[in-house]
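The sequence and the structure come first.

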Amino acid sequence: MRLLLTIAAILLPLMLPAAKKHPKMTNISNGDATVVIKTTMGDITVRLFGDTPRHRDNFLKLVEDGTYDGVLFHRVINDFMIQGGDPESKDAAPGKMLGSGDLGYTLEAEIDYPRHFHKRGALAAARQGDNVNPERRSSASQFYIVTGKTYNDSTLTQLERRMDMERKQSIFNRLQTENRDSIMAMRRNRDHEALEKFRLELIDRTEAEAAQNPAVLSREVREAYSTVGGTPHLDGTYTVFGEVTDGMDVVDKIQKVETDRSDRPVDDVRIISMKVIK
């Protein structure tokens with residue numbers, strides 16, 4: 001099926017404060033690492049993956065620095081995920097909308113799908129959207145733990161098709177951005193014939209690139225989503241850098257708390273402290 005994509009007017013992105021890229025760090029750990037997250041609703045133990053070293057080492061540094069001590073799980077959605085790590089949440093007034101706080105830098109993406117995917121219990125990095133963050137760089141501090149839900153086989157097949165179309169749209173958008181100057185020149189010259197020809201060329205390039213890595217769920221991924229569950233629509237777009245090894249009952253309790261219109265818990269759920277287990 002050919003893509004029904006159009007070359008839209010390319011606008012300047014919304015002017016947001018630019019986050020610095022992460023400075024180079026000395027490895028804090030070799031291989032996996034374990035962290036206990038002590039919360040006001042119980043303890044959660046997570047394993048950080050050794051094959052996502054930038055995220056692992058950054059998370060360990062923030063744990064050791066006490067950056068996470070006192071922050072809230074500020075965004076909680078039942079059957080989806082719980083999100084925390086906003087440094088501005090420590091002293092936030094009740095009802096304040098949270099989620100825009102950061103540490104002034106971002107992390108290079110370490111997306112390794114399908115090795116790491118959004119199954120129940122996955123630990124992943126939050127980030128800004130593709131429109132202002134096409135490299136999908138991660139927030140320095142904000143993270144989420146997946147709860148999600150289970151899916152039957154037909155739903156997973158439909159999801160594959162949607163993921164395929166979304167990936168093609170992403171490829172097309174990237175190619176469009178890379179060719180912004182040429183597209184804008186054709187638009188200024190009102191050369192509609194050239195625009196249409198170029199659109200078809202970008203579609204062919206999109207199809208060719210997408211065909212190199214088709215969106216097919218592996219047997220392992222299908223089994224996980226049909227048994228333990230998760231949030232498969234996030235796969236391949238956010239960095240998964242760890243998983244819960246103990247305390248999913250605590251995560252489940254947190255995801256079910258009462259929230260306001262911004263998905264912030266009405267009664268604060270706070271991270272008391274984090275500790276690296278040597």
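The model is a predicted one. In β2 the side chains alternate: the buried ones, on one face, belong to A33, V35, I37 and T39.

β2 pairs with strand β3 (residues 42-48) through seven bridges, and the two run antiparallel. Together β2 and β3 make a hairpin, with two residues between them. Strand β11 (residues 271-277) is also antiparallel to β2, joined to it by six bridges. T34 has a partner in each of these strands: R47 is its bridge partner in β3, and I277 stands opposite T34 in β11.

## The largest nonpolar core

The largest nonpolar core has 32 residues. Those touching the most other members are V35, I44, L48, F59, F143 and M274. Leaving aside residues up to four places away in sequence, F59 touches V35, L48, Y68, F143, F241 and M274.

## Helix α5

Helix α5 spans residues 219-227, and its buried residues are V221, R222, A224 and Y225. Viewed down the axis of α5, these buried residues lie within an arc of 165°, so they line one face of the helix. They pack against α2 (153-178).

The face of α5 turned away from the buried side carries R219, E220, E223 and T227, which are exposed. Just after α5 comes G229, with a positive phi of about 90°.

Notes:
Residues numbered from 1 in each chain as written. Predicted model: local features only at pLDDT ≥ 70, side-chain atom pairs only at ≥ 80, totals over all residues. Heavy atoms only, no water. Buried < 20%, exposed > 50% of the residue type's maximum accessible area, 1.4 Å probe, protein only. Helix = DSSP H or I, 4+ residues; strand = E, 2+ residues; numbered from the N terminus. Arc of directions from axis to C-beta. Contact = heavy atoms within 4.5 Å. Core = buried A, V, L, I, M, F, W, Y, C linked by side-chain atoms within 4.5 Å. Pairing = 2+ DSSP bridges.
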